[in-house]
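I keep these notes while reading through a structure that is new to me. Each entry records what I looked up.

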Amino acid sequence: MSYRIYWIFLLNFVLYTTHLFSQVPLPENGLKASQTSVYALKNATILVAPGKILKEATLIIENGKVQAVGKTILIPKGAFEIDVKGKTIVPSFIEINSSIGVKDFRKVREMSYPQLETGKEGAYYWNEAVHPEIQASEFYKPDEKAATELQKMGFSVALVHAADGIVRGTGTLVSLGKVSSEQLILKENVASFFSFEKGASRQAYPSSLMGSIALVRQAIYDAKYYGENKSLLDKNISLDALASQLDKPIFFLTNDKLEAIQVQKIAQEFNLPIIIIGSGNEYEEIRSFKDWKEPMVMPISWNTPKGMEDPYLVDKISLQTLKEWELAPSNLYTLKKNKLDFAITSSGTKDAKEFLEHLTFTMRRGLLGDDALAALTTIPAKIIGVDSILGTLEVGKLASFSIFDNNPFEYENAKVVESWSVGNREVF
């Protein structure tokens, strides 16, 4: 056989065998990934919404959404059935004040001299503590450890923002847990965030609460003027962003009841529907909040009695501290009694155990279970405009919920045993 005939034969053999074996699927190592998209959770106690509870009911999930919920519904053929008898399914709590995943977006610069002017180059605001152009979605990276702790509290959704500065930019609503990249960001630029804390800025101004109040007011005045005269003014990235945010939900972080009163005055001055993120001692000035029409965001964290077993230390505990220990757990009941709406945040509680203990103690102090559930689900969903997809377990909404070993609004020491986020299951 000549070399030419040999190479022609070899080439034809290779092409034929390549075509032949390309039609044969290659074997897969290990177990094939599950393709289940329909789940049926049966025999559960289901808190569908505040005031609506179903016993021995079934929840059908399909493609990450609630497909059906009820006591006498048919389970679709091929659905993956999970018996949760004795357990309670609760709509996902919505954390509205978190910075997980965006905590370290700015680094504090070490300086040995006072900085008078901004060191930020570009068409930005003259004070570095005012940066409304910051979007949390640009910096967010899932933090598995922090997310798991929130999930164990009952949260599978969180509104995260960059917790730095006086005008902080916009927050992003994210799914917690192990979800796909398409399910991670639920909604961008949901709300804007303010505070009286200068944060990482090294500019000398502001250096007091009075200065922070003045800077907030100046920034809002500047943004309003810029928005009305944009075509006549030079481009300013910060003011352009802030002007567009004044019609979004505005959250204002406070560290004391007196700061919250100052926020009320700013809201009234500019006719803005500001949502106050409180500190937990609003009960001390409840008369100042009785006419407040906007919902608030409240922590359930407080100092616990210490040193009471030592008679020498007891004499040194002030009456103010004793009254704080006594009344702080009743803050939410006091607000509700005065017809104030609020959402509950986990801010200030160190872990899931403390959060759930404080939730139970708050109800023991008079807050009704349905009111507590609403403060964790339907109220925050309505505040940020996502009540069409979150807040309850009604048909068509996202399958984001928690499974507790007991009803956390009726039993003490209830704990989360499973967390579902947009139909993705995690067992603890």
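Which residues is threonine 88 in contact with, leaving aside its neighbours within four places in sequence? I found Thr45, Leu47, Ser402, Ile403, Phe404, Asn406 and Asn407. I note here that the model is a predicted one.

Entry on threonine 88, continued. I placed threonine 88 in strand S5, which covers residues 88–91. Its relative accessible area is 4%, and because buried means under 20%, I list threonine 88 as buried. I also looked at its side chain: a polar atom there lies 3.3 Å from the backbone nitrogen of asparagine 407.

Entry on the sheet. I counted 8 strands in an open sheet, in the order S6-S7-S8-S9-S10-S11-S12-S13, with mixed pairing. I looked up the edges and found strand S6 (93–98) and strand S13 (342–345) there; each has a single partner strand, so one side of each has no neighbour in the sheet. Direction ignored, neighbouring strands are turned by 30° against each other on average. S6 and strand S7 (residues 155–160) run parallel and are joined by 4 bridges. In one of the pairs I checked, glutamate 95 has alanine 158 in S7 as its bridge partner.

Entry on helices against the sheet. Helix H6 (residues 237–245) packs on the sheet and touches strand S8 (167–175), strand S9 (185–194) and S10. I read an angle of about 60° between the direction of H6 and that of S8. H7 also packs on the sheet, touching S10 and S11, and its direction makes about 175° with that of S11.

Entry on helix H7. At the N-terminal end I found aspartate 256 as the cap, with a side-chain oxygen 2.9 Å from the backbone nitrogen of leucine 258. After H7 comes asparagine 271, which has a positive phi near 55°. I listed the buried residues of H7, among them Ala260, Ile261, Val263 and Phe270. The buried residues of H7 pack against helix H5 (209–228), strand S10 (250–253) and strand S11 (274–277).

Entry on leucine 359. Is leucine 359 buried or exposed? Its relative accessibility is 1%, so I count leucine 359 as buried. I placed it in helix H11 (residues 352–364). Not counting residues up to four places away in sequence, leucine 359 touches Ile300, Ile344, Ala372, Leu376 and Phe409. Phenylalanine 409 is 50 residues from leucine 359 along the chain, and their C-alpha atoms are separated by 8.5 Å.

Technical notes. Residues are numbered from 1 along each chain as its sequence is written. This is a predicted model: local features need pLDDT of at least 70, side-chain atom pairs count only at pLDDT 80 or more; totals for chains, interfaces and linings use all residues. Side-chain values use heavy atoms; hydrogens and water are left out. Helices (H or I, at least four residues) and strands (E, at least two) are DSSP runs, numbered from the N terminus. Buried means under 20% relative accessible area, exposed over 50%, partly exposed in between (1.4 Å probe, protein chains only). A polar contact is a pair of N or O atoms within 3.5 Å; within protein, one must be able to donate a hydrogen and the other to accept it, and residues adjacent in sequence count only if both atoms are side-chain atoms. Contact means heavy atoms within 4.5 Å. Two strands pair if DSSP finds at least two bridges between them. Axes are lines fitted to C-alpha atoms, for helices over the stretch in contact, and angles run from 0 to 180 degrees between N-to-C directions.
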